[in-house]
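Welcome! Have a look at the sequence and the 3D view below, and keep them open as you read.

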Amino acid sequence: EPGPIKTAIRQNAATHYKRWTRKDGAWGSFYREELEPRLYDTSEEKDFGELTCAATTKKVIHALEAPVPRLHYPVTFPTWAMVFARRLFPARFNDRMILGSEVRKPTAPGNATGNATG
(Lines give C-alpha, C1' and ligand atoms only; values in the text may rest on other atoms or scores of the structure.)
Protein backbone atom coordinates (compact mmCIF):
# COMPACT_ATOMS: atom_id res chain seq x y z
CA GLU A 1 0.00 0.00 0.00
CA PRO A 2 2.62 2.53 -0.88
CA GLY A 3 0.43 5.01 -2.76
CA PRO A 4 1.73 7.28 -5.52
CA ILE A 5 5.45 6.58 -6.00
CA LYS A 6 7.54 8.19 -8.75
CA THR A 7 8.77 5.44 -11.09
CA ALA A 8 9.52 4.95 -14.78
CA ILE A 9 6.29 3.00 -15.36
CA ARG A 10 4.82 5.65 -17.65
CA GLN A 11 7.87 5.76 -19.91
CA ASN A 12 8.11 1.97 -19.95
CA ALA A 13 4.40 1.56 -20.70
CA ALA A 14 4.30 3.98 -23.64
CA THR A 15 5.52 1.42 -26.18
CA HIS A 16 2.94 -1.16 -25.11
CA TYR A 17 0.24 1.49 -24.98
CA LYS A 18 0.90 2.42 -28.61
CA ARG A 19 0.95 -1.21 -29.67
CA TRP A 20 -2.07 -2.61 -27.83
CA THR A 21 -4.53 0.25 -27.33
CA ARG A 22 -7.44 0.79 -29.71
CA LYS A 23 -8.24 4.49 -29.67
CA ASP A 24 -11.37 4.09 -31.79
CA GLY A 25 -13.21 1.90 -29.25
CA ALA A 26 -15.60 2.80 -26.45
CA TRP A 27 -12.72 4.05 -24.29
CA GLY A 28 -11.10 6.10 -27.10
CA SER A 29 -12.10 9.50 -25.79
CA PHE A 30 -10.94 8.57 -22.28
CA TYR A 31 -7.55 7.50 -23.64
CA ARG A 32 -7.08 10.73 -25.61
CA GLU A 33 -8.39 13.14 -22.98
CA GLU A 34 -7.34 11.59 -19.67
CA LEU A 35 -4.73 8.88 -20.07
CA GLU A 36 -2.43 10.17 -22.81
CA PRO A 37 -1.70 13.55 -21.19
CA ARG A 38 -0.52 11.71 -18.05
CA LEU A 39 1.31 8.99 -19.97
CA TYR A 40 3.33 11.41 -22.09
CA ASP A 41 3.84 14.08 -19.41
CA THR A 42 7.59 14.75 -19.14
CA SER A 43 7.41 17.42 -16.45
CA GLU A 44 9.05 16.74 -13.11
CA GLU A 45 5.96 17.98 -11.26
CA LYS A 46 4.85 15.52 -8.60
CA ASP A 47 1.31 14.26 -8.18
CA PHE A 48 -0.44 14.92 -4.87
CA GLY A 49 1.32 12.91 -2.16
CA GLU A 50 3.84 11.39 -4.57
CA LEU A 51 7.16 10.28 -3.11
CA THR A 52 10.34 8.76 -4.51
CA CYS A 53 11.22 5.07 -4.47
CA ALA A 54 13.46 5.70 -1.44
CA ALA A 55 10.37 6.08 0.76
CA THR A 56 9.22 2.59 -0.21
CA THR A 57 12.72 1.19 0.23
CA LYS A 58 12.72 2.25 3.89
CA LYS A 59 9.47 0.35 4.48
CA VAL A 60 10.76 -2.76 2.66
CA ILE A 61 13.93 -2.77 4.79
CA HIS A 62 11.81 -2.42 7.93
CA ALA A 63 9.61 -5.34 6.83
CA LEU A 64 12.62 -7.55 6.12
CA GLU A 65 14.36 -6.77 9.41
CA ALA A 66 11.32 -6.82 11.71
CA PRO A 67 10.86 -9.99 13.78
CA VAL A 68 7.11 -9.75 13.16
CA PRO A 69 6.48 -7.56 10.11
CA ARG A 70 3.20 -5.75 9.77
CA LEU A 71 0.69 -6.81 7.13
CA HIS A 72 0.47 -3.35 5.54
CA TYR A 73 2.97 -0.52 5.24
CA PRO A 74 1.33 2.74 4.17
CA VAL A 75 3.98 5.10 2.79
CA THR A 76 2.44 8.28 1.32
CA PHE A 77 -0.02 10.75 2.78
CA PRO A 78 -2.97 9.47 0.68
CA THR A 79 -2.47 5.93 1.98
CA TRP A 80 -2.13 7.12 5.57
CA ALA A 81 -5.34 9.12 5.10
CA MET A 82 -7.16 6.00 3.85
CA VAL A 83 -5.88 3.96 6.81
CA PHE A 84 -7.22 6.62 9.14
CA ALA A 85 -10.55 6.81 7.26
CA ARG A 86 -11.01 3.04 7.42
CA ARG A 87 -10.72 3.18 11.19
CA LEU A 88 -12.80 6.29 11.69
CA PHE A 89 -15.74 5.90 9.29
CA PRO A 90 -18.24 3.10 8.67
CA ALA A 91 -17.58 0.64 5.84
CA ARG A 92 -20.39 2.00 3.64
CA PHE A 93 -18.98 5.52 3.83
CA ASN A 94 -15.51 4.27 2.92
CA ASP A 95 -16.92 2.32 -0.01
CA ARG A 96 -18.68 5.46 -1.27
CA MET A 97 -15.51 7.48 -0.87
CA ILE A 98 -13.48 4.94 -2.85
CA LEU A 99 -16.10 4.55 -5.57
CA GLY A 100 -16.39 8.32 -5.90
CA SER A 101 -12.69 8.53 -6.77
CA GLU A 102 -12.88 5.91 -9.52
CA VAL A 103 -12.08 6.78 -13.12
CA ARG A 104 -15.18 7.75 -15.06
CA LYS A 105 -16.81 5.00 -17.09
CA PRO A 106 -17.43 5.41 -20.84
CA THR A 107 -21.00 5.84 -21.92
CA ALA A 108 -22.65 3.57 -24.41
CA PRO A 109 -22.40 4.86 -27.99
CA GLY A 110 -25.17 7.37 -28.62
CA ASN A 111 -26.23 7.41 -24.98
CA ALA A 112 -25.27 10.58 -23.08
CA THR A 113 -26.77 9.40 -19.78
CA GLY A 114 -24.40 6.49 -19.31
CA ASN A 115 -27.32 4.13 -18.83
CA ALA A 116 -26.59 1.19 -21.15
CA THR A 117 -30.22 0.09 -21.24
CA GLY A 118 -31.40 3.41 -22.64
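How does F93 count: buried, partly exposed or exposed? F93 counts as partly exposed because its relative accessibility is 42%; buried means under 20% relative accessible area, exposed over 50%, and partly exposed in between, with a 1.4 Å probe and protein chains only. This is a predicted model, where local features need pLDDT of at least 70, side-chain atom pairs count only at pLDDT 80 or more, and totals for chains, interfaces and linings use all residues. Residues are numbered from 1 along each chain as its sequence is written, and side-chain values use heavy atoms, leaving out hydrogens and water.

**Aromatic rings**
- The whole structure holds 4 aromatic pairs (ring centres within 6.5 Å, using the six-membered ring of Trp; planes under 30 degrees apart are stacked, over 60 edge-to-face, the rest tilted).
- One of them joins Y17 and Y31, with centres 6.1 Å apart and planes at 85°, so this pair is edge-to-face.
- It links distant parts of the chain, as Y17 sits in helix α1 (residues 9-20) and Y31 in helix α2 (residues 28-39), 14 residues apart (helices are DSSP runs of H or I, at least four residues, numbered from the N terminus).
- Y17 is buried at 7% relative accessibility, whereas Y31 is partly exposed at 22%.
- W27 and F30 also pair edge-to-face, at 5.4 Å centre to centre and 80° between the planes.
- Y17, W27, F30 and Y31 make up one aromatic cluster.

**Around T79**
- T79 belongs to helix α4 and is buried, with a relative accessible area of 13%.
- A polar atom of the T79 side chain lies 2.7 Å from the backbone oxygen of T76.

Notes. Helix = DSSP H or I, 4+ residues; strand = E, 2+ residues; numbered from the N terminus. Polar contact = N/O pair within 3.5 Å; in protein donor to acceptor, adjacent residues only side chain to side chain.
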